[in-house]
Amino acid sequence: MGHLTTCLVFFLLAFVTYTYASGVFEVHNNCPYTVWAAATPVGGGKLLERGQSWWFWAPPGTKMARIWGRTNCNFDGAGRGWCQTGDCGGVLECKGWGKPPNTLAEYALNQFSNLDFWDISVIDGFNIPMSFGPTKPGPGKCHPIQCVANINGECPGSLRVPGGCNNPCTTFGGQQYCCTQGPCGPTDLSRFFKQRCPDAYSYPQDDPTSTFTCQSWTTDYKVMFCPYGSTHNETSSFPLELPTSTHEVA
């Protein structure tokens with residue numbers, strides 16, 4: 001009986017270790033203002049005051065996943081409202097992607113060759129400085145990256161919107177910027193982002209310099225809004241006008 005109990009304990013420990021050994025994400029707000037964090041297809045949404053963190057687990061095989069921050073939000077007691085940037089259909093618990101502009105952390109876990117693929121993207125524009133990467137760096141391109149330039153303050157006039165710097169595809173459309181009909185290359189507007197955040201995706205086919213990988217099953221990740229050294233002018237550059245139909249939770 002004792003041997004059976006010992007075997008059962010080891011089995012349960014192995015199961016828990018296998019199931020939760022990796023894929024844990026910490027989302028931390030270091031901004032001097034409130035950020036409403038969002039994550040899909042797992043996570044949902046969470047209000048983060050300065051210094052607060054949010055943890056969630058993404059199972060192996062999760063792909064087309066995004067984490068981003070929303071700013072200047074107003075939600076009622078039922079979790080319905082609106083955000084100036086990154087809004088996901090007017091709900092606190094996001095089910096779909098956010099509305100540009102929003103700085104993105106993207107990932108796909110346990111893909112081919114047992115690798116996690118991840119990146120920071122400004123293809124949808126920029127609203128909050130961000131860092132993203134493994135909590136314990138590994139070999140090759142398994143190390144944290146960041147996008148912390150003063151993009152909102154330096155944003156070209158044609159892309160400037162309340163709360164952020166929009167992307168050229170949303171602003172102008174067309175194959176040149178959206179790359180929906182075959183190969184495409186960088187543009188002057190994508191270079192504006194790339195020069196300031198060289199590790200981030202700046203247009204849809206920016207793969208060679210912007211995709212990072214870590215070994216699956218052994219890696220946890222951390223996203224930080226406004227990492228140390230970043231510029232914090234994201235919510236003060238433009239006046240906020242909230243819809244009158246929503247009410248902030250007390």
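This is a predicted model: local features need pLDDT of at least 70, side-chain atom pairs count only at pLDDT 80 or more; totals for chains, interfaces and linings use all residues.
Author: Residues are numbered from 1 along each chain as its sequence is written, and side-chain values use heavy atoms, with hydrogens and water left out.

Reader: How many residues of strand E2 are buried?

Author: Strands (E, at least two residues) and helices (H or I, at least four) are DSSP runs numbered from the N terminus. Buried means under 20% relative accessible area, exposed over 50%, and partly exposed in between (1.4 Å probe, protein chains only). On one side of E2, Val35, Ala37 and Ala39 are buried, and on the other Trp36, Ala38 and Thr40 are buried. For E2, residues 35–40, the count is six of six.

Reader: Which residue in E3 is the bridge partner of Trp36?

Author: Two strands pair if DSSP finds at least two bridges between them. Five bridges join E2 to E3 (residues 44–48), and the two run antiparallel. They form a hairpin with three residues between them, and Gly43 in the turn has a positive phi of about 120°. In E3, the partner of Trp36 is Leu47.

Reader: And which residue in E5 is the bridge partner of Thr40?

Author: E2 also runs antiparallel to E5 (residues 65–75), with five bridges joining them. The E5 residue that partners Thr40 is Arg66.

Reader: With which residue does Arg66 form a salt bridge at 3.6 Å?

Author: A salt bridge here is a side-chain nitrogen of Lys or Arg within 4 Å of a carboxyl oxygen of Asp or Glu. The closest N and O atoms of the pair are 3.6 Å apart, and the partner of Arg66 is Glu106. This pair links distant parts of the chain, 40 residues apart, from Arg66 in strand E5 to strand E7 (residues 104–111), which holds Glu106.

Reader: How far apart are the closest N and O atoms of Arg196 and Glu154?

Author: Arg196 is partly exposed at 28% relative accessible area, and Glu154 is partly exposed at 41%. Their salt bridge has its closest N and O atoms 2.7 Å apart.

Reader: By about how many helical turns are Asp188 and Arg191 separated?

Author: Asp188 and Arg191 form a salt bridge, with the closest N and O atoms 3.1 Å apart. Because they are three residues apart in helix H5, their separation is about one helical turn.
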